[in-house]
Amino acid sequence: ASVQSLFAANHYRAIGFTELVRSALMPFSAAMDGGRIETIDEHGLIVSERGAFLLTLVLNELATNAVKHGALSTGSGTVRLRTRRDSAITIDWHEEFPNQGAVADSRLGFGSRILQDIAPRGLQGTATFELLPTGLAYSLTVDPHIFGAAA
């Protein structure tokens, strides 16, 4: 709902990636305000309404999992969200929780389908998901026609 409100306020034109992230992760504002979630967008990425819907699903799933099982379930974990742009656009979500060890819950439920299949297919891209001893790395690479650099 907050993302839809953001688009309405912007007359349903594309919005900046950082604005989208702030809106999508509003339920996790304590972590954002505390500097535990860092967003780095050096490319002025803009997001269409269709892209924003799918990206919001991804961000909410990742953040919810981080609170339940990952970096945001500990007092010292952090999340870095970064965009990369070359022949495609990649959005990297990297969690670090150095004192926790490997993520224990690796079951594949509906959230995993959103992250690994539904959103990437809808964004004409691919996704990788890797559980590491010190965190989690998720990368979503999408068709550059879905997103673009700000003018």
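Strand β7 (residues 135-142) is mostly covered, with seven of its eight residues buried; buried denotes under 20% relative accessible area, exposed over 50%, and partly exposed the range in between, with a 1.4 Å probe and protein chains only. Helices (H or I, at least four residues) and strands (E, at least two) are DSSP runs numbered from the N terminus. The model is predicted: local features need pLDDT of at least 70 and side-chain atom pairs count only at pLDDT 80 or more, whereas totals for chains, interfaces and linings use all residues. Residues are numbered from 1 along each chain as its sequence is written, and side-chain values use heavy atoms, with hydrogens and water left out.

Two strands pair with β7, where pairing requires that DSSP finds at least two bridges between the strands. Strand β5 (residues 89-96) pairs with β7 in the antiparallel sense over eight bridges, and T90 stands opposite T141 in β7. Strand β6 (residues 126-132) is antiparallel to β7 and is joined to it by seven bridges; A127 has L140 in β7 as its bridge partner. β6 and β7 form a hairpin, with two residues between them. On its other pairing, β5 is joined to strand β4 (residues 78-85) by eight bridges, again antiparallel, and R84 stands opposite T90 in β5.

These strands belong to an open sheet of five strands in the order β2-β4-β5-β7-β6, with mixed pairing. The edge strands, each pairing on one side only, are β2 (37-40) and β6. Neighbouring strands of the sheet are turned by 10° against each other on average, direction ignored. In general, strands of a sheet pair through backbone hydrogen bonds, either parallel or antiparallel.

Helix α4 lies across β4, β5 and β7 and runs at about 10° to β5. Axes are lines fitted to C-alpha atoms, for helices over the stretch in contact, and angles run from 0 to 180 degrees between N-to-C directions. Contact means heavy atoms within 4.5 Å.

Helix α2 (residues 17-24) and helix α4 (residues 49-68) pack at an angle of about 50°, with their axes 10 Å apart. The two helices are therefore oblique to each other; angles under 35 degrees count as roughly parallel, over 145 as roughly antiparallel, 65 to 115 as roughly perpendicular and the rest as oblique. In this pair, F17, L20, V21 and A24 of α2 meet A52, L55, T56, L59 and N60 of α4. By class, the contact of α2 with α4 has seven nonpolar, two polar and no charged residues. Ala, Val, Leu, Ile, Met, Phe, Trp, Tyr, Cys and Pro count as nonpolar, Asp, Glu, Lys and Arg as charged, and the others, including Gly, as polar.

The axes of α4 and helix α5 (residues 110-122) come within 10 Å and cross at roughly 160°, and the pair is therefore roughly antiparallel. R50, L54, L57, V58, E61, L62 and N65 in α4 meet G111, I114, L115, A119 and G122 in α5. This contact has seven nonpolar, three polar and two charged residues.

Over the whole chain there are five helices and eight strands, in the order α-β-α-α-β-β-α-β-β-α-β-β-β from the N terminus on. Of the 151 residues, 43% count as buried. Among contacts with a separation of 6 or more, 65% come from residues 24 or more positions apart.
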